[in-house]
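Please keep the model open while reading.

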Amino acid sequence: MADSVFATIVRAPEDPILGVTVAYNKDPSPNKLNLGVGAYRTEEGKPLILNVVRRAEQLLVNDQSRVKEYLPIVGLADFNKESAKLIFGADSPAIQENRVTTVQGLSGTGSLRVGAEFLARHYHQHTIYIPQPTWGNHPKIFTVAGLSVKTYRYYDPATLGLDIQGFLEDLGDAPSGAIVLLHACAHNPTGVDPTLEQWEQIRQLMRSKALLPFFDSAYQGFASGSLDADAQSVRMFVADGGECLAAQSYAKNMGLYGERVGALSIVCKTADVASRVESQLKLVIRPMYSNPPLHGASIVATILKDRDMFNEWTLELKAMADRIISMRQQLFDALCARGTPGDWSHIIKQIGMFTFTGLNREQVTFMTEEYHIYMTSDGRISMAGLSSRTVPQLADAIHAAVTRVG
Amino acid sequence: MASTMLSLPCTSSSASLSMHQLNKGKVKLGSSDSSICINNDRNSPFTKIKSFGRISMTVATNVSRFEGVTMAPPDPILGVSEAFKADTHEMKLNLGVGAYRTEELQPYVLKVVKKAENLMLERGENKEYLPIEGLAAFNKVTAELLFGTDNPVIQKQRVATVQGLSGTGSLRLAAALIERYFPGAKVLISSPTWGNHKNIFNDARVPWSEYRYYDPKTVGLDFEGMIADIKAAPEGSFVLLHGCAHNPTGIDPTPEQWKQIADVIQEKNHIPFFDVAYQGFASGSLDEDAASVRLFAARGIELLVAQSYSKNLGLYSERIGAMNIVCSSADAAARVKSQLKRIARPMYSNPPIHGARIVANVVGDPGLFSEWKAEMEMMAGRIKNVRQKLFDSLSAKDKSGKDWSFILKQIGMFSFTGLNKAQSDNMTNKWHVYMTKDGRISLAGLSLAKCEYLADAIFDSYHNVS
């Protein structure tokens, strides 16, 4: 047999985030704790299917009239309409004026990728600024789409909070028209968000330099517990009449992780532009996967369109957000009780699923090896993976890491 | 620094939201913790000040940044259905996209699919992220279905299988792999081929060229042209082959011809790249429809195979398929799989679970699997019946000596009628028969009841339009 044509293909390393779960699964210890990937867990440490999702799915599966025909390239129409209303507000003038094009995407990742491909082909500026740090997959998505990636200062390790000064300076130095990635709320991985005042400063600066906002909204409703509050940053930018992109994900807030449901919206100056933009988005999607999957989008549309189900959803969403907030409090209290050196108040100031602990690589490795705690090497932990039962174990591990490892 | 009230130009009510916020004191501008002086410094590089009396503001520019974006043409295949929907004529017939229809021209959800979904609902499985490569149970059964469970390539773990977004998504993963690891290598595609193949390779930046395939004179395979063009291509090219039920022509090589194709591919060290979208749907037999792929695999050739469950399991909108790459060793397969994952991650992170679970349940359960085979035979059987009726109707009408038997010889969902663009337009404009401009009709969208009407339309278009 001839040599393999694939002889020169080397083995790729495991994805740093998803690879944490791979490593966790291999660990035989009964005390292991997975604080890697951002998937919500109940107090019992189990994945959660929302009751309202179960109900919606029941309705769908039992509906004899439903078929599995190809969706249009842009996806399920009701889903797109409801998603736009969810993020921009039902009374958003941009929606009423038909200036928004919304396409169903493969969760957040897929929506970001389609948006990035579109910009690489049709937008005059091919540089995108991403916050330092950001979700590990962001630079890969933008680079492979053909954009050039630069960073803006975001996280201040000295304060474990937002470096607003650096943020504004770096955007101030950006070329006019550059694209800027903004986390709509619950910044991943730091959990540090700008205040509304700071958002207004960012907005003004960006508009004055014609910087194009590209929002990543993966936690609407999940961060504060309020869908509207978590969309304020986005709505602020839409309210000034300007253009922006917004990628939405329903992975966390509806617990639809594996169904891959999301949307990309592009808010344009006019309805005519929006319609042309939509036609070009279709040209990006068709050679990538032709049209998106139906199941998850149907679940979302069913829930968003029904008054009762929508309300039920908001309650379940708030319960998830509240549990995470309570985990933050418990961890903070546990570290204080142990007298762990350092100021741990960032744990309760940060918001959303993740906490940027401030632990370094060596400390993280120590925690994995000695305490079987799995997290990403940047010190990010998923609060959603904690429970009252496991908080003490984590607190012990952090305490040990801080006191014994540099 | 004094805080200044801002107002936006009153072009729309969007101004009121900001004003509301400002009035509530939620947004204080020029607040003390910012060292950037926004409103009062008219020389600041950060601001474009427009004055309206004593009110200053920063406004978004008025021209769209996307003004230069042109309107893209509708997709030639998917656009047909959209045009069909808009037509109100009572005799309209949609023979555009390849989606199976019952005799009543209704979409069809397979019974085994409904059973599987009910089982899944009862079990209440979670919706956690799949691994990047997809559902393990699905990957296992899909490779076994394609190659045969006992196939050495599977036994020896030489197949890298990754769940993909139906056929399109699986092809795209492979295209990206080719671009990255076989720079400059070309993909040879049949002339004609499915319209989206070119788009996939173009977007993935993989060069392609065509090999002769369809012979309009015989409305059959230009076998000599095909062999010659494959032979003439640079060594190590990828050759895109339709595993069965060639789309759009419905013309497949015979088993003897497949052997010769394999010979020339081996001779030139080309890499076969199969698109298998109709396994089981073409002849009604899963094994028979996989014969071409298995022939190549049996020769020890490394090859790529994209699979789709859109048609054979009717899972069109669930986007379920796979990319299988047969390598010369298990080690190579592991490395290749890892690189396919690296391509998937920045595209969609991990694939959708629903369709994968349905396939895994159906193929993995002996009872459901048997039921599936029966339903598939039924679907393939209906298409064969419709071919026969259409042929009979045309033969009865057309006494010109024109040979319509290609309708019976072609296989699968589609028939290449041999009608040109003008004739296809006539089909649509005069007869309200929707099809693609290349003369392709989807027999899956034809009922026995409408064969007569279609025969009239084809007869008229062929003989009266040039």
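The sections below go from conventions to interfaces, then to single elements and residues.

## Model and conventions

This is a predicted model: local features need pLDDT of at least 70, side-chain atom pairs count only at pLDDT 80 or more, and totals for chains, interfaces and linings use all residues. Residues are numbered from 1 along each chain as its sequence is written, chains are lettered from A and ligands numbered from 1 in the order in which they are written, and side-chain values use heavy atoms, with hydrogens and water left out.

## Two domains in chain A

Chain A splits into domain 1 (16–49 + 320–401) and domain 2 (70–305). These bounds come from an automatic or database domain assignment. Taken over C-alpha atoms, the centres of domain 1 and domain 2 of chain A are 28 Å apart. Contact here means heavy atoms within 4.5 Å. By that rule, 21 residues of domain 1 of chain A meet 22 residues of domain 2 of chain A.

The two domains of chain A bury about 1600 Å² between them, and carbon and sulfur atoms give 67% of that. Buried area is the accessible area (1.4 Å probe) that two parts lose on being put together, summed over both. In domain 1 of chain A, Ile351(A), Phe354(A) and Phe356(A) lose the most area to domain 2 of chain A; together they give 33% of what that side buries.

## Polar links and makeup of the domain interface

Zero salt bridges cross between domain 1 and domain 2 of chain A. The salt-bridge rule asks for a side-chain nitrogen of Lys or Arg within 4 Å of a carboxyl oxygen of Asp or Glu. Four residue pairs across this interface are in polar contact (both at pLDDT 80 or more). A polar contact is a pair of N or O atoms within 3.5 Å; within protein, one must be able to donate a hydrogen and the other to accept it, and residues adjacent in sequence count only if both atoms are side-chain atoms.

On the side of domain 1 of chain A that touches domain 2 of chain A, the elements giving two or more residues are helix H12 (307–338) and strand S11 (354–356) of chain A. Helices (H or I, at least four residues) and strands (E, at least two) are DSSP runs, numbered from the N terminus. H12(A) gives the most to that side, with four residues. The side divides into twelve nonpolar, six polar and three charged residues. In this scheme Ala, Val, Leu, Ile, Met, Phe, Trp, Tyr, Cys and Pro count as nonpolar, Asp, Glu, Lys and Arg as charged, and the others, Gly among them, as polar.

## Chain A against chain B

Between the chains, 106 residues of chain A are in contact with 104 residues of chain B. The area buried between chain A and chain B is about 8900 Å², with 57% from carbon and sulfur atoms. In chain A, Phe6(A), Lys68(A) and Tyr70(A) lose the most area to chain B, together 10% of what that side buries.

Twelve salt bridges link chain A and chain B. One joins the side chains of Lys68(A) and Glu318(B), at 2.8 Å from N to O. Several helices of chain A each supply at least two residues to the side that touches chain B, including H2 (51–62), H5 (107–122) and H10 (271–289). H10(A) gives the most, with 13 residues. The side of chain A that touches chain B holds 52 nonpolar, 25 polar and 29 charged residues.

## An enclosed helix

Seven of the ten residues of H7(A) are buried, so the helix is largely enclosed by the rest of the structure. Buried means under 20% relative accessible area, exposed over 50%, partly exposed in between (1.4 Å probe, protein chains only). The buried residues of H7(A) include Ile164(A), Phe167(A), Leu168(A) and Leu171(A). Their cover includes strands S3 (127–132), S4 (148–153), S6 (161–162) and S7 (179–183), along with H8, of chain A.

## Two buried loop sites

Gly255(A) lies in the loop between strands S9 (244–249) and S10 (261–267) of chain A. Its relative accessibility is 8%, so Gly255(A) counts as buried. Leaving out residues up to four places away in sequence, Gly255(A) touches Tyr250(A) and Lys127(B). The C-alpha atoms of Gly255(A) and Ile49(A) are 6.2 Å apart, although 206 residues separate the two along the chain.

Thr436(B) sits in the loop between strands S14 (433–434) and S15 (440–442) of chain B. Thr436(B) is buried, at 5% relative accessible area. Its side chain makes a polar contact with the side chain of Asp438(B) at 2.6 Å.
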